Amino acid sequence: MDKIFITRILPDVQLINNLKEHFEVEVWEKSSPPNTEELLMKSKDCWGILTMLTEKIDNDFIIKNQKLKIIANMAAGFDNIDIETAKQQNIMVTNTPDVLTESTAELTFALLLLMAKRLPEANQAIRNNQWGPWNPNWMLGKDLKNANLGIIGPGKIGNAVAKIAKSFSMKINYYGRDPKIDFPGNYMQLEKLLVTSDYISIHLSLNNETNNFLNAKHFKKMKQDAILINTSRGKIINQDDLLQAIQSNEIGGAALDVTDPEPIDSSSPLLQMQNIFVSPHLGSATKATRYKMAKIAIDNLISYKIKNYCPNAVI
Ligand code: DGY
């Protein structure tokens, strides 16, 4: 029987049982992911692997895994995989798109509201015993109604965020490679979007073009009270430049669900800033969504085995 290695315990054991009808399956049961050597060792002789975004599937790994036929990534993003080498080696790569769109859009909006209303700061103030008598001038945040939301990356998640924003009567503008017919907002050049937005939310996938996409020169153009939200990938923002922009009050604040690296070091100066909120890559972290992601990854493996076809092939 062909072998499959799964790099983490999946949300439902029945999914593994389904896979066992077609393959010999090994699951990595430790809470932290396998390191490079462990991954290489466990994947040796495997027909397929089911990976998370934490597994770096680089040129070296692919070249050393001559028997590998498929990498089923349990994520919408696949920036952890060297797609070019996989293609050259004729290895199928699949992802789990669509099912996490709403969860990620909801988290984006949770972060936007959190920052607009200064909730992390306010909560910290209470813990620091700084909650005095009701004060008309204390902890004043920002409204959403009629505020300009700039979405960078008008894909499915950007689109879902725009729809939620509409119900808060926000004005929505977006920037991407091209205007989109079905996007609920106005297309804008990046420079104009940076200058006019009260809130900016990033929904780009990470690749050579988007690495370090937002940096010092962009922060300088943003409104002084603008709030930046990133639920895509940490490397899209230059974090040192962001810290500098926040420290020198060039922008109002940032909420980051993704950082570079992940996990962020607990001594990072970003975590010292009152107006930076960091969450630990929770975009798709709901029970229902993680189940659907795992099921799609498993189905991709089975479908490739039985039909030599995968509905979610990225190459
Ligand atoms: C993805 O699927 O790419 C997400 O970042 C995981 O939550």
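Mentor: Let us start with the terms: buried means under 20% relative accessible area, exposed means over 50%, and partly exposed is in between, with a 1.4 Å probe and protein chains only. Helices (H or I, at least four residues) and strands (E, at least two) are DSSP runs, numbered from the N terminus. This is a predicted model, in which local features need pLDDT of at least 70 and side-chain atom pairs count only at pLDDT 80 or more, while totals for chains, interfaces and linings use all residues. Residues are numbered from 1 along each chain as its sequence is written, and side-chain values use heavy atoms, with hydrogens and water left out.

Trainee: Which residues of H1 are buried?

Mentor: An α-helix has 3.6 residues a turn, so residues three or four places apart point the same way. In H1, the buried residues are Leu15, Ile16 and Leu19. They cover an arc of only 100° around the axis (taken from the directions from the helix axis to the C-beta atoms), and therefore sit on the same side of H1. Among the elements that cover these residues of H1 are E1, strand E2 (24-27) and helix H11 (287-307). At the start of H1, a side-chain oxygen of Asp12 comes to within 2.8 Å of the backbone nitrogen of Gln14.

Trainee: What do the buried residues of H10 pack against?

Mentor: Helix H10 spans residues 239-247, and its buried residues are Gln239, Leu242, Leu243, Ala245 and Ile246. Because these buried residues fall within an arc of 165° when seen down the axis, they line one face of H10. Their packing partners are helix H9 (216-219), strand E10 (227-230), strand E11 (253-256) and strand E12 (276-278). At the N-terminal end, H10 is capped by Asn238, with a side-chain oxygen 3.1 Å from the backbone nitrogen of Asp240.

Trainee: Where is Leu10 placed, and what is Leu10 in contact with?

Mentor: Contact means heavy atoms within 4.5 Å. Leu10 is placed in the loop between strand E1 (3-6) and helix H1 (13-20), and with a relative accessible area of 9% Leu10 is buried. Setting aside neighbours within four places in sequence, Leu10 is in contact with Ile16, Leu50, Met52, Met74, Ala294 and Ile298. Thr96, in the loop between strand E5 (92-94) and helix H5 (101-116), is buried at a relative accessible area of 0%. With the neighbours within four places again left aside, the contacts of Thr96 include Met74, Met293 and Ile296.

Conventions. Polar contact = N/O pair within 3.5 Å; in protein donor to acceptor, adjacent residues only side chain to side chain.
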